[in-house]
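Student: Please take a close look at the aromatic rings in this model. How do they pair, and which charges sit over them?

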Amino acid sequence: MVARKSTRNVSANPAAALPAPGAAFTIVGIGASAGGLEALELFFRHVPAASGMAFVVVQHLDPTHKGVMAELLQRATPMPVEQIRDRMKVEPDHVYLIPPNRDLSILHGVLHLLEPAAPRGLRLPIDYFFRSLAADQQEHSVGVILSGMGSDGTLGLRAIKEMAGAVFVQTPATAKFDGMPRSAKDAGLADVVAPAEELAGRIASYLQHVPLLVARPANELDDKNQSGLEKVVLILRAQTGHDFSLYKKSTIYRRIERRMGLHQLPRIADYVRYLRENPQEAGLLFKELLIGVTRFFRDPPLWAQVGGEVVPALLAAHPDGGMLRAWVPACSTGEEAYSLAIVFREALERLKPAALYSLQIFATDLDQDAIENARTAAYPANIAADVTDERLRRFFVQEERGYKLNKEIREMVIFAQQNLVMDPPFTKLDLLSCRNLLIYLDADLQKKLLPLFHYSLNPGGTLLLGGSETIGAATDLFAALPGKNRIYRRRDDSPRMTPVEFPIGHARGRADVAVSLPALTPPPASPAASLQAEIEALLLRCYAPAAVLTTDKGDLVYISGRTGKYLEPAIGKANLNLFAMAREGLAGPINGAFAKAVREKTAVTMKDLVLDNNGDSQHVSVTIHALAEPAVLRGMVLVVFIDVGAAPAVKAPGKAVRASAEQSCLAELAQQVQQASEELQTTREEMQTSQEELKSANEELQSTNEELQSTNEELTTSKEEMQSMNEELQTVNHELTAKVDELSQSSDDMKNLLNSTDIATLFLDDQLKVRRFTTQTASIIRLIPGDAGRPVTDLATELDYPALADDARAVLRSLVFRERQVAARDGRWFTVRIMPYRTQANRIDGVVITFVDISTAKTLEATLREALAVMQGRVSEQGAQLDDARSVEAVLREAQAVLEQRIAQLTGAAQAGSEALATLRRRSP
C-alpha cells in the first residue's frame, strides 16, 4: 500500500509546485479548443516565471495550417513557449504546444508525437494526452480544461481522477465556448471551477498544501494520522450510511489528502473538523472514494475474448436456449454493462443459433446519481474514441449532445442501487463482471467477496476481473481461462470449503451474519445424542487412525486425529501440502500412490512402510482413497495412517513358555480389538446416518436461502420495472401537459382570430348538428352555448333562408361551396357562404357557414338606385336638357360601378376570412 506523509517542506515561492517521484516538478496538462486563445492568455498572465511547473497545451488545430500559437502565447508569459518536437524532454517553467495533425503522449517525462489514428473530425487529442499523463504521472497529474466546443477532455479527466490527480475547470459562464468546461463539470469530475485568470493561483495553492507522497505501508501511519483516518471513516458512516473501513487505507488516505490540498488544510485533524462542520464535504468525499471511472469496452482484448470464446461457450452450455443472467457490480455510469450487452448481441448475430437466447444484465452501484445517469443511457460525443463507427451506427442514436443507446440494448440492462458488502447478491448467474473494484478493497474483504461470487454463479459460470486483479488464494473456487485476460470459470470439481458470508443481518440492524456452506450448526442435541457424540469423540480420539482430507493437489483441508508422527510442517513459508509435510520414509511412496489413486479413482494401500520418528523406526500402513461419495466430498482424497507392529524376532528355546503366554495375551487383545472394531463400525454407520440427515437439513436450508435470494431478485427487478414505468409515465405526463398547453394556445388564437374578423361563423357536423359558433352568430341565429349538438333545423333564425339546410347537404354531397345573399327580417343583408369542413386527414367532417354583413352596401346600393331613378325621371321630363342628362346618367353609372366594385371587395374579404378560418380548423386537432 502507498500512503502520503502528513507534512512537507513548503517552498518559499508561493507558486512552487509539488515534486513528483522521479521528477522535480509538476506537469500540468491544459486542454482548450474554440475560444481557447483568450482563456490561455488569461491563464498564463497569472503564472509566475519561476512557478516550478511545466505546462503542456493541447488544442484542436487545423492539420493543414501552420500554427502561430507559440508567438501569440509568448506575449502573455515570460516563460519560454515551444512547439513540441518528438522525444522532447519536459522541463520546468516551460510551455509546450502540440503541433498540428499529431497526437501527443508522455512517457517518463518525455513527450512523444504520433500520427493520428482517427480520421479528421473525430480526433480527441485532449483525451488522448490526459490519459497518457494520468498513466505517467499518476497521482501527481493535473488536468485543466478551458474554453472549447464539444466534450473532448472529459474521458481523459476521468483517468486523471482515477489516479487521484487533480482537475481544474474554467467556469462555463466565463468561457467563450462552454461545451468542454460544462461537459467536465456535469460529469462531476471538476475539483475546482473558477475563471481562467484564477486557475493558476488555485493550482499553486493546491500543490503547496497537498502532502508529499512516499511509498510506505498504510499501517505505518503515525498515531495522529491513523486516528484522523478512523475519525473520517466514522463520520462518513454516520452521514452516508456506508462503511469504508474495509477499503484500502492507502486509497482512502490519498483521497483525503487530495481534499485537504483543495481546501488548503495542513493536518488531517483540521480536515476532520472541517468535515464535521460542513456536511456537504462528506458527500463530496463519498463521491471521490467511489472512484466512478469507466468507459466503453475498457481493455479491448478482454472484450474480444468475451465475444469470441465466453459467450459462445455460454450458448453451447444451454443448447435449448433461454434467458442467461449476468451481474455487473460497481457499474458506475453503466458503460461496462452496456458493453456486455452489445458484445452479447453481436455474438448472437454472428453465431445465429437455432434456439432463442436473451441476456438479462443486473447492474448495481453504491452511487445513486451514477445509477440515474446510467438509466438515461446518454453519453457525450467523445465516446467515439472507444466505440467503433459500426457499433455507433448499430447500437446508438445520435443526439444533440452526444449518443444514446437504442431501446434494444437499454432493455437488456436493469440498474439498481446496491451495497456489495451489505446487500444480498444476485444468484443463478451465468456471468459476473466485477472489474477494477477489488483493487480498492482490503484483502480481508476480497477474501469474503470471492466465495460470494462463487456462490452466485451457476456451475461453469464465468467471472471477469480487472487487469490488476486476481483471485488470489481462491484457486479451489475458480480456474483461469487461457490467455492474459483475467477471465475465470467457476470450479465444481471440489467442494467450497471457504465460508460464504451472506449479509442477511444488515436488514435487522445487526452486523453481517456469516452463513457457512456446506456446514451448518446442528440444533441442540438430546441427552442420548450427546452421549452418542461423546462416545464417538472418545473412539475417534483413542482408537480411530489418524487421517487427513486433501484436495486433488494434496492441499490439506481437514485433519483427524494426531498426525504429528506422520506429517510435520516444512521449513520456510507455511505450506499445508501433504507432499511437503510427509516425514522421511513416507514422502516417496505417498507421492506415487497418491497419483495412482487420483488417476484410477480408487483406494491404494501401502503396508509396512517404515518411517523415522525421532530416531525410532515405526511401521505404518497408509491407505489413500479418492472419494466419489458422498457428493459433498467428491473429488477429495482421504489419507489414513495406521500403526502396525514390527515382525516378531525369533525366540530362544528357553523362552517358549513365556512366548506362549504372550501369544495368548495377544490373541485376547486381538479379539478385543476386533470387538471394538465392530462396535466402531456400528457407530460409524449410525454417524453416517446422522450425517446424511444433517446433510438433508442443510440442503433444505440452502434451498430455502436460494428461494429467498430469488424472491429478493424478483422484488428488486419489480422495483426497477416500477421505477422505469414511473419515469415513462412522468415523461408521458410531461408530453401531454405540453400538448394541452399547445392546444389551449391554439384555441385562444382561433377564438381571437374569429372575433377579430367580426364574421359570424357556424360549424356543423356531417349530421348538420351545431358543433361550434362565434359570438356574432347569436345575433343571426338564436344560439346559446347549450345548443351544441342540436340540429340546425331546430333553431330559430332571423334570415329569410329556408333552404339553408338543403344547401348545406348539397355542399356535403358535391364538396363545392355555395354562396348567397340573404335578407334578414330586421332589414339586414348577409352574404352566406357554405364550405366543406376538412380535417388534417383530408376527411370531410361537416360544413362551415359564414355570415358577412352587407347591409351597408345594400343600403348604399338602394340609395344610388333611387337617385338614378330620380335622375332618369328628370331627364325624361327635360328633353331640352338631354345632353346634360346623359352626362348625369354616365356619372351615375360610374358611381354604380364603383359601388358594385366595393360590394365585390367586401364579399371577397368575407370569403378570405372564411377560408382562413377553415384552414385554422384543419390544423387544429
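Tutor: Buried means under 20% relative accessible area, exposed over 50%, and partly exposed in between (1.4 Å probe, protein chains only). The model is predicted: local features need pLDDT of at least 70, side-chain atom pairs count only at pLDDT 80 or more, and totals for chains, interfaces and linings use all residues. Residues are numbered from 1 along each chain as its sequence is written, and side-chain values use heavy atoms, with hydrogens and water left out.

Now the pairs. Rings of Phe, Tyr and Trp (its six-membered ring) pair if their centres lie within 6.5 Å; planes under 30 degrees apart count as stacked, over 60 as edge-to-face and the rest as tilted. The count comes to 18 aromatic pairs. One of them joins Phe43 and Phe44, edge-to-face, at 5.2 Å centre to centre and 90° between the planes. Phe43 and Phe44 are both buried.

Tyr566 and Phe641 are stacked, with 4.7 Å centre to centre and 5° between the planes. Tyr566 lies in the loop between β24 (556–560) and α18 (578–581), and Phe641 in strand β27 (residues 637–644), so this pair ties together parts 75 residues apart in sequence. Helices (H or I, at least four residues) and strands (E, at least two) are DSSP runs, numbered from the N terminus. Tyr566 is buried at 3% relative accessible area. Phe641 is buried too, at 1%.

Next, a cluster. Phe296, Phe297, Trp303, Tyr338, Tyr379, Phe396, Tyr403 and Phe415 form one aromatic cluster. The charged end of Arg391 sits over the ring of Phe297, 3.9 Å from its centre. For such a contact, NZ of Lys or CZ of Arg is within 6 Å of the ring centre and within 35 degrees of the ring normal. Arg833 likewise has its charged end over the ring of Phe817, 3.9 Å from the ring centre.
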